[in-house]
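User: I am new to reading protein models. Can we go through some terms one by one?

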Amino acid sequence: MKLRKIIDDFFRSDSLQILAQDAGRLLDCPLMIVDNAFRVQASHQPPGFQDPVFRGALERGQITYENMSVISQDPALTQGRSITLPLADTPFPRRFSPLVSSGIRVGYLTCVDWHGTLDQVPEKPMAMLESILAKQLLSESSRNSILSSTAEEILARLLDGKFASESIFRLQIASSYLAGYHPRRLGLIDLSQYHSQGFGQDALKKELQYAFYASHPFFYQNQVLFFLTQDHDTALLQPLTQRFSLPLVVSAPLDNLYGLPKAYRLARQVMDYLLAHRGGCFAVEAEQLYPALLLERLQPAADLCSPAVLALAQHDRQHHTQYCATLYVYLSCHHSLQQTCARLFLHRNTALYRIRKIRDTFGVPLDDPSQTLYLLLSAALSLPSTGQEELLSAAPI
């Protein structure tokens with residue numbers, strides 16, 4: 001593979017598009033160069049090549065969420081190696097390569113294996129070609145970032161902690177829609193299980209833009225983030241997650257956009273907790289899981305729990321009873337038998353029997369006000385070990 005023309009154009013033209021065309025002709029394949037925000041920065045499409053996935057990306061100026069998910073979570077690409085994958089909705093495999101310049105990953109090169117010959121390209125000249133494209137992409141990206149920044153780039157920098165103060169952030173967003181935008185909450189969708197969807201349709205993005213107008217969805221660290229305003233119908237969130245089989249967490253209310261990093265961080269922690277403990281698809285508000293998250297962090301101190309409650313939990317695990325859950329609900333309902341029955345769907349006599357046994361057989365001091373908080377915390381910390389941790393969170397959206 002002769003690189004003379006692309007090297008000459010690199011020094012002469014200072015244009016990524018010219019280099020992309022040189023590379024496409026040299027490799028005899030369609031190709032696309034995207035930046036870290038997965039926006040198309042340059043491409044080459046040979047005469048006669050027809051592919052709806054490729055064409056759709058060029059028309060949108062950005063690859064689909066499905067493609068973003070594959071690229072951002074593949075371990076080989078993360079470690080700086082190239083991969084070749086077949087994609088749904090297209091007969092042509094893609095070769096994905098990270099573009100790295102001066103140790104910085106600046107984007108990706110996607111080559112379409114149109115003729116099935118890309119695996120015959122020698123590794124060394126291919127690495128040189130990728131290095132040239134990476135340097136030019138870094139040069140143009142740096143130049144463009146000085147001249148202008150999109151709202152998505154500003155939000156990504158905010159989430160990355162790049163703004164030293166709110167005043168600097170306000171100055172940066174002054175000329176964008178963000179200046180007068182006041183969302184109520186942040187929605188977070190995890191895409192780790194979304195790679196099996198159609199690659200050319202970008203159906204999730206279209207659905208978000210249709211059902212939640214002006215929610216401004218954007219991709220960040222293998223998640224789709226979008227905003228919810230007071231005009232949005234949150235009842236549509238649950239059907240959305242069911243349709244696409246995706247997990248969704250809605251953040252706590254936002255005081256202002258500068259508070260986005262904290263809201264995102266807590267929502268991300270809730271998402272990680274639910275993916276580890278529940279999995280599947282769901283739509284929940286982050287605050288519903290705060291008690292469960294708090295208790296999970298207190299688990300190292302579980303040996304400080306009431307011995308009587310620990311004995312109760314051990315009995316539940318061995319005999320599949322629900323005394324620990326009954327104790328937790330009874331105490332959290334301020335000793336109200338009626339509310340305990342309603343929350344656990346128990347007959348009054350069943351609830352009375354459990355409470356008496358908790359007090360008399362296991363020696364739990366239910367009538368001692370000084371012990372109420374200690375017993376409640378002990379019961380809450382014991383719930384996960386008995387399989388009753390769902391009592392720690394409210395119902396989904």
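**Salt bridges and a helix face**

User: Why is Lys-5 called exposed?

Analyst: Lys-5 has a relative accessible area of 52%. Exposed means over 50%, buried under 20%, and partly exposed in between (1.4 Å probe, protein chains only). Therefore Lys-5 counts as exposed. This is a predicted model: local features need pLDDT of at least 70, side-chain atom pairs count only at pLDDT 80 or more, and totals for chains, interfaces and linings use all residues. Residues are numbered from 1 along each chain as its sequence is written, and side-chain values use heavy atoms, without hydrogens and water.

User: What makes Asp-9 buried or exposed?

Analyst: Its relative accessibility is 5%, so Asp-9 counts as buried.

User: How do you know that Asp-9 and Lys-5 meet in a salt bridge?

Analyst: The rule asks for a side-chain nitrogen of Lys or Arg within 4 Å of a carboxyl oxygen of Asp or Glu. Here the N to O distance is 2.8 Å.

User: What about Arg-94 and Asp-51?

Analyst: Their closest N and O atoms are 2.7 Å apart, and they form a salt bridge. Arg-94 is buried, at 4% relative accessible area. Asp-51 is buried too, at 2%.

User: Which residues of helix H9 are buried, and why do they line one face?

Analyst: Leu-204, Lys-205 and Leu-208 are buried. Seen down the axis of H9, they fall within an arc of 100°, so they line one face. The arc is that of the directions from the helix axis to the C-beta atoms. Helices are DSSP runs (H or I, at least four residues), numbered from the N terminus. On the other side of H9, Lys-206 and Tyr-210 are exposed.

How values were computed
Helix = DSSP H or I, 4+ residues; strand = E, 2+ residues; numbered from the N terminus.
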